[in-house]
Structure formats: C-alpha cells, structure tokens
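Hi,

Here is the structure I promised to pass on. Please open it beside this email and follow along.

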Amino acid sequence: MPDTKPVADPAARLRQPRKNNPEKTRQDILLAAIREFAEQGLSGARVDAIAERTSTSKRMIYYYFGSKEQLYLAVLEKLYGDIRATEATLRLDELEPEAAIRRLVEFTFDHHAANVDFIRLVSIENIHHGEHIARSPSIRSLSKSIVSQIATILARGADAGVFRAGIDPLDLHLLISSFCFFRVSNRYTFSTIHQIDLGGAEARARHREMICEAVIRHVRA
C-alpha cells in the first residue's frame, strides 16, 4: 500500500508563527528608535517609521512602550545604561590612580567618537531642557556610579601623594565629558569654521592624547 502521508509544505512552515521573544522584540524596537530619534528628533520621529525599521507594528510598539514619549525615554535610559555598564567593566580600581584616570578619559573619548547617536540624542534632550531625563530615576542613579568611581580614584591618588586633594569628582567628570562631547556634537561647525577635519585619524589621536594630558596635569599633586 503506497505511503499516503502528506508531504510537508515548506510555504506552510514559513507561515507558522515564530516563538515569541519579547526581550528581543523590545531590543529591536529600541535600536530602531535610536536611529529614528537621532535623525528626526523627538517631535519629528514617527512611530510608523520605527515600526517599518523593525518589521513590526505600531500597535506592538505601543504595547511595549505605551507612547512615543515613553519610547524616547526608554532610548535615553538604554544609551546611558550602556555607557555606565561599560564603565563598570574597566576595572579602574585595579589600576594605579593616574593610569585609572587615563583609562577613563580614553574610554570616554572613544565611546563618544564611536556613538554619534548618543551625542545627538543628548543634544536633543538638552533642547527639551532635560524634561524627560528628569522623569528617570534610573538615569540619575546610574550616573552616580561614575562620579563615585572618580571620587574613589581621586582619594586613592591623594592618599598616595600623586594627586592634589580637594578636587570635586563631579567637576572632573564634567571636564572629561565636555571636551569629548564637544568634539562630536560640534564637529561640523568647528571643522567648517576652522578648516580642520575633526574626524581624521591624526586629529583624533592628537586630541585623545591632549585631553588625557590636560586631565592628568589638572589632578597631579
């Protein structure tokens, strides 16, 4: 008797729903939203466009995030969370104080240079006077960690006699961040006005070393 078992239809298999992976879906939406908000700003960004970037639906985005504003805040929380999480892996406490400060400056410089969308979104949030970040206890809590790390490094350096005492860790964080941020946020205007290619490898290496030296000289005893 011939085998009458039906042959599986490949097309039918393709039509079967895939297992749901909520965390992957959420992360995919966040990555698409980063690009959309960075390119269009909060007011110009469209949830429909984010859905198209992820091959998902507008309804699904609202299911995960509630509203465009809440998605925008989730994007900010992800970006700040990423940089703080990476900082935590630098093992600064295992380095001598001066080496730890240099490593932190190098990391901040490299991170900002490689994450233009982060710079754009922080600039956009400043246009909105920080009103969305003000609603995020997690960003404020996460950001305390880097200031605490800097304070510990400064205290170790002062105890060892290599750093001068009395340096405010938040001020030092501001000093490091401001140069690294400005180089990226103002690269087009600064490059055009002064006819310099801030994106070039030579200028980048020179400026990386310059900010390291500036910070080290500022903290040395």
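This is a predicted model: local features need pLDDT of at least 70, side-chain atom pairs count only at pLDDT 80 or more; totals for chains, interfaces and linings use all residues.

**Helices H2 and H7**

Start with H2 (residues 22-44) and H7 (residues 116-127). Their axes come within 9 Å and cross at roughly 40 degrees. That makes H2 oblique to H7. The crossing is left-handed.

Which residues of H2 meet H7? They are Ile34, Arg35, Phe37, Ala38, Gly41 and Leu42. On the H7 side, the partners are Asp117, Arg120, Leu121 and Ile124. Sorted by type, the residues of this contact are six nonpolar, one polar and three charged.

**Helix H6**

Next, look at H6 (residues 97-114). It has 18 residues, so at 1.5 Å a residue it should span 26 Å. Its end C-alpha atoms are 26 Å apart, which agrees.

The buried residues of H6 include Leu104, Val105, Phe107 and Phe109. Glu106, His111 and His112 are also among them. What do the buried residues of H6 pack against? Their partners are H5 (68-87), H7, H8 (137-160), H9 (169-185) and H11 (201-219).

**Two loop residues**

Most residues other than glycine have a negative phi. Ser55 has a positive phi of about 55 degrees. Ser55 sits in the loop between H3 (47-54) and H4 (58-65). Is Ser55 buried or exposed? Its relative accessibility is 71%, so Ser55 counts as exposed.

Arg91 also has a positive phi, near 55 degrees. Arg91 lies in the loop between H5 and H6. With a relative accessible area of 54%, Arg91 is exposed.

Best wishes

Methods. Residues are numbered from 1 along each chain as its sequence is written. Side-chain values use heavy atoms; hydrogens and water are left out. Axes are lines fitted to C-alpha atoms, for helices over the stretch in contact, and angles run from 0 to 180 degrees between N-to-C directions. Helices (H or I, at least four residues) and strands (E, at least two) are DSSP runs, numbered from the N terminus. Angles under 35 degrees count as roughly parallel, over 145 as roughly antiparallel, 65 to 115 as roughly perpendicular and the rest as oblique. A crossing is left-handed if the near helix is turned anticlockwise from the far one by less than a right angle, and right-handed if clockwise. Contact means heavy atoms within 4.5 Å. Ala, Val, Leu, Ile, Met, Phe, Trp, Tyr, Cys and Pro count as nonpolar, Asp, Glu, Lys and Arg as charged, and the others, Gly among them, as polar. The expected span of a helix is 1.5 Å times one less than its number of residues. Buried means under 20% relative accessible area, exposed over 50%, partly exposed in between (1.4 Å probe, protein chains only).
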